[in-house]
Amino acid sequence: GGLGFLTSVSEDDVDRALDFLEREGADEIGVVAVSMGALAAGRALALKPRSTVRALALIGPVASVPTLVRYNGRRLRLPSFLQSAILRLGSWLAGAPLKEADLGAWLWGTKTPLGLFLGDKDWITGSPHADELRGKLKFDRDATYAGGHDEPWNPELQEKIRAWLKEKLS
């Protein structure tokens with residue numbers, strides 16, 4: 001089959017998509033999660049592990065919202081009090097404490113094979129997020145592709161993901 005992407009920031013969306021695939025008879029699913037979608041997929045699978053999910057590919061993942069705010073706040077030269085305010089405002093808008101959004105903590109101990117795919121010019125998440133996740137999780141595949149952040153259309157990335165998923169899904 002083809003390679004499809006679900007762009008989402010809600011674990012409920014991920015759950016609904018997986019429920020649909022399972023109702024349709026899918027028993028070997030590879031989840032491909034991009035950027036903030038990695039947080040959604042990680043949270044969904046942490047709350048409701050599924051034996052049908054045989055692989056989770058994380059493309060330019062956000063390791064945690066605090067890391068996202070801190071890294072980009074420094075890059076944009078925002079004072080720390082503004083970074084804290086952004087995190088508080090975001091939490092208020094989301095209706096949830098974003099300081100607790102931590103992909104490494106959610107996926108720690110998972111038995112699902114994990115793949116990390118990072119663009120070599122990803123300035124939004126990039127190596128700070130990848131390094132944080134490498135310190136917390138074991139990756140079955142850790143690959144770099146020529147490109148930036150949030151490029152699911154990137155042919156090199158698609159080729160690497162397809163090859164890895166082919167290994168993981170029989």
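Q: Is the crossing of α3 and α4 right-handed or left-handed?

A: A crossing is called left-handed if the near helix is turned anticlockwise from the far one by less than a right angle, and right-handed if clockwise. The crossing of α3 and α4 is right-handed. Before going on, note that this is a predicted model, in which local features need pLDDT of at least 70 and side-chain atom pairs count only at pLDDT 80 or more, while totals for chains, interfaces and linings use all residues. Residues are numbered from 1 along each chain as its sequence is written, and side-chain values use heavy atoms, with hydrogens and water left out. Helices (H or I, at least four residues) and strands (E, at least two) are DSSP runs, numbered from the N terminus.

Q: At what angle do α3 and α4 cross, and within what distance do their axes come?

A: Two packed helices are described by the angle between their axes and the distance between the axes. Axes here are lines fitted to C-alpha atoms, for helices over the stretch in contact, and angles run from 0 to 180 degrees between N-to-C directions. The axes of α3 and α4 (residues 80-94) cross at roughly 145° and come within 10 Å. On the α3 side the contact (heavy atoms within 4.5 Å) is made by Val-65, Pro-66, Val-69, Arg-70, Gly-73 and Arg-74, and on the α4 side by Gln-83, Ile-86 and Leu-87. Sorted by class, the contact of α3 with α4 has 5 nonpolar, 2 polar and 2 charged residues. In this scheme Ala, Val, Leu, Ile, Met, Phe, Trp, Tyr, Cys and Pro count as nonpolar, Asp, Glu, Lys and Arg as charged, and the others, Gly among them, as polar.

Q: How do α3 and α6 pack, in terms of angle and axis distance?

A: Helix α3 (residues 65-75) packs with α6 (residues 126-136) at an angle of about 145°, and the axes are 10 Å apart. α3 passes α6 in a right-handed crossing. Thr-67, Leu-68, Arg-70 and Tyr-71 of α3 meet Pro-128, His-129 and Glu-132 of α6 in this contact. By class, the contact has 3 nonpolar, 2 polar and 2 charged residues.

Q: Which residues of α6 are buried?

A: Buried means under 20% relative accessible area, exposed over 50%, and partly exposed in between (1.4 Å probe, protein chains only). In α6 the buried residues are Gly-126, His-129, Ala-130, Glu-132 and Leu-133. They line one face of the helix, because seen down the axis of α6 they fall within an arc of 160°. The arc is that of the directions from the helix axis to the C-beta atoms. The buried residues of α6 pack against α3, α5 (103-107) and β3 (114-119).

Q: Where is His-149 found, and with which side chains does His-149 make polar contacts?

A: A polar contact is a pair of N or O atoms within 3.5 Å; within protein, one must be able to donate a hydrogen and the other to accept it, and residues adjacent in sequence count only if both atoms are side-chain atoms. His-149 sits in the loop between β4 (141-145) and α7 (155-168). His-149 counts as buried because its relative accessible area is 16%. Its side chain makes a polar contact of 2.8 Å with that of Ser-35 and one of 3.0 Å with that of Asp-122. The side chain of Thr-125 also makes a polar contact with the side chain of His-149, at 3.4 Å.

Q: Where is Thr-125, and what else does the side chain of Thr-125 approach?

A: Thr-125 is in the loop between β3 and α6, and its relative accessibility is 0%, so Thr-125 is buried. A polar atom of its side chain lies 3.3 Å from the backbone oxygen of Gly-60.

Q: What is the phi of Ser-35, and what is that of Arg-77?

A: Most residues other than glycine have a negative phi. Ser-35 has a positive phi of about 55°, and Arg-77 has a positive phi of about 60°. Ser-35 is in the loop between β1 (29-34) and α2 (36-47) and is buried, with a relative accessible area of 11%. Arg-77 is in the loop between α3 and α4 and is exposed, with a relative accessible area of 75%.
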